[in-house]
Amino acid sequence: MPVPHRTAMRLIKRRLVGKEGSERVRELRTILTELPNYRNGPYADIRKWVHGQIEQTRVRSRVIQRDSIGVRREGGAQVALVGPPNSGKSSLLNALSHVQIKIGDYAFTTQRPVPALTRIGGVLVQLVEIPGLISGASDDRGGGRALLGVLRGADAIVYCHDVNAPYRALLEVRSEVAAAGISRAALLAATKMDEAREGALAALQAAAPDLRVVGVSIIDDASLGAFKEAVWGLTGLIRVYLRRDKQVAEEAMALAQGATVADVAAGDHRRLGARFRGARIWGSAARFDGQQVGRDHPVHDGDVIEILV
Ligand SMILES: Nc1nc2c(ncn2[C@@H]2O[C@H](COP(=O)(O)OP(=O)(O)O)[C@@H](O)[C@H]2O)c(=O)[nH]1
Ligand SMILES: [Mg+2]
């Protein structure tokens, strides 16, 4: 610092993307401590804007807390799990994260949306179980409208369906989602694959030709890994890994598709706004390992980037 104020403002906004509630307030406070403390001029205006954001965020979280069904966004993307009762939604959530939620052999064990974070290739993704969407949900039966609201707020949808169960049950859920006018990147998880009857997976894919079907079982780690990668594919995000002093970071940076080296540098909080010459790059966006590239060079999912200062 200080960087040109316009750049500073852009960087600040980028840091706030996806942050809500107390997490957003915390980030805003950190930003305040990093901003130069001028009385007037553009930096004073930025300070005022940040203070205003803190106020607004506080008001907003009070409102959200009153609405018991709201789910606070966390992580790089939010993916909703929806499907008939007993389709294995809670079990998937449990297997992919550290939350402990009730799993039942009876319908409607979970009544509210349950969020859980899972790590996919070094990026945290929020999974949200949407409980029993019954028919008529779009007409607000069973508080369906609020549940559909959560679904509408998600970036992508995973339909869950017991691979052996008749497709009809899932069709009802899909009709409710369609009736609510919700359309998102989606896939169909065929659950309980360890108990799949012969031909059940193929039959399900035939019944839902418009969705990619991914078989999964909570007792098969390889299937859980493949499922996570499929979920990542739905988010439309890419992961890049920063390299510094010959060490590659374990945590990935999540970026929108089409991101460039400049976006990677801007997302690197440790060097907020500092100048850089370009980068070295490893991975599918590189012609060869360690290729030196400029700031406008595109980056791809899985690339390793070293920012050159
Ligand atoms: N064999 C097997 N059973 C599963 C699997 N996933 C879930 N189940 C069982 O299916 C039932 C319903 O699971 P639950 O996660 O509560 O479904 P939800 O209602 O969609 O949340 C429970 O008895 C689970 O133990 C799986 O991968 N394999
Ligand atoms: Mg459940």
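## Overview

A residue is called buried when its relative accessible area is under 20%, exposed when over 50%, and partly exposed in between. Arg119, at 39%, is therefore partly exposed.

The model is predicted. The protein has 309 residues, and 49% of them count as buried. Nine helices and twelve strands make up its list of elements. The protein exposes about 16,100 Å², and carbon and sulfur atoms supply 50% of that area. Among contacts with a separation of 6 or more, 61% are between residues 24 or more positions apart.

## Salt bridges: the count and a network

How many salt bridges does a search of the whole structure find? The search finds eleven. Some of them are linked. Arg15, Lys19, Glu27 and Glu34 belong to a network of salt bridges.

Arg15 bridges to Glu34, with the closest N and O atoms 2.8 Å apart. Arg15 sits in helix 1 (residues 5-16) and Glu34 in helix 2, so the bridge ties together parts 19 residues apart in sequence. Are the two partners buried or partly exposed? Arg15 is buried, at 7% relative accessible area. Glu34 is partly exposed, at 36%.

## Salt bridges between distant parts

Arg119 pairs with Glu251 in a salt bridge, and the closest N and O atoms are 2.8 Å apart. This pair links distant parts of the chain. Arg119 lies in strand 2 (residues 114-120). Glu251 lies in the loop between strand 8 (247-248) and strand 9 (253-256). The two residues are 132 residues apart.

Arg239 and Asp301 also meet through their side chains, in a salt bridge of 3.0 Å, N to O. Arg239 belongs to strand 7 (residues 237-244), while Asp301 is in the loop between strand 11 (291-293) and strand 12 (303-308), so the pair ties together parts 62 residues apart in sequence. Arg239 is buried, with a relative accessible area of 6%. Asp301 is partly exposed, at 34%.

## A negative patch on the surface

Which residues gather in a patch of negative charge on the surface? They are Asp194, Glu195, Asp220 and Asp221.

## Two loop residues

Gly41 stands in the loop between helix 2 (21-34) and helix 3 (42-66). With a relative accessible area of 32%, Gly41 is partly exposed. Where does the chain bring His5 relative to Gly41? Gly41 and His5 are 36 residues apart in sequence, and their C-alpha atoms are 9.7 Å apart in space.

Pro166 also has a place in a loop, between strand 4 (156-162) and helix 6 (168-179). Pro166 is partly exposed, at 47% relative accessible area. Its C-alpha atom is 9.8 Å from that of Ala207. In sequence, Pro166 and Ala207 are 41 residues apart.

Conventions: Residues numbered from 1 in each chain as written. Chains lettered and ligands numbered in written order. Predicted model: local features only at pLDDT ≥ 70, side-chain atom pairs only at ≥ 80, totals over all residues. Heavy atoms only, no water. Patch = residues over 30% accessible without salt bridge, like charges linked within 9 Å, V, L, I, M, F, W, Y side chains within 5 Å. Areas by Shrake-Rupley, 256 points an atom, 1.4 Å probe, with all protein chains shown as cover. Salt bridge = Lys/Arg side-chain N within 4 Å of Asp/Glu carboxyl O. Lys, Arg positive; Asp, Glu negative; His and termini not counted. Charge placed at Lys NZ, Arg CZ, Asp CG, Glu CD. Helix = DSSP H or I, 4+ residues; strand = E, 2+ residues; numbered from the N terminus. Buried < 20%, exposed > 50% of the residue type's maximum accessible area, 1.4 Å probe, protein only. Contact = heavy atoms within 4.5 Å.
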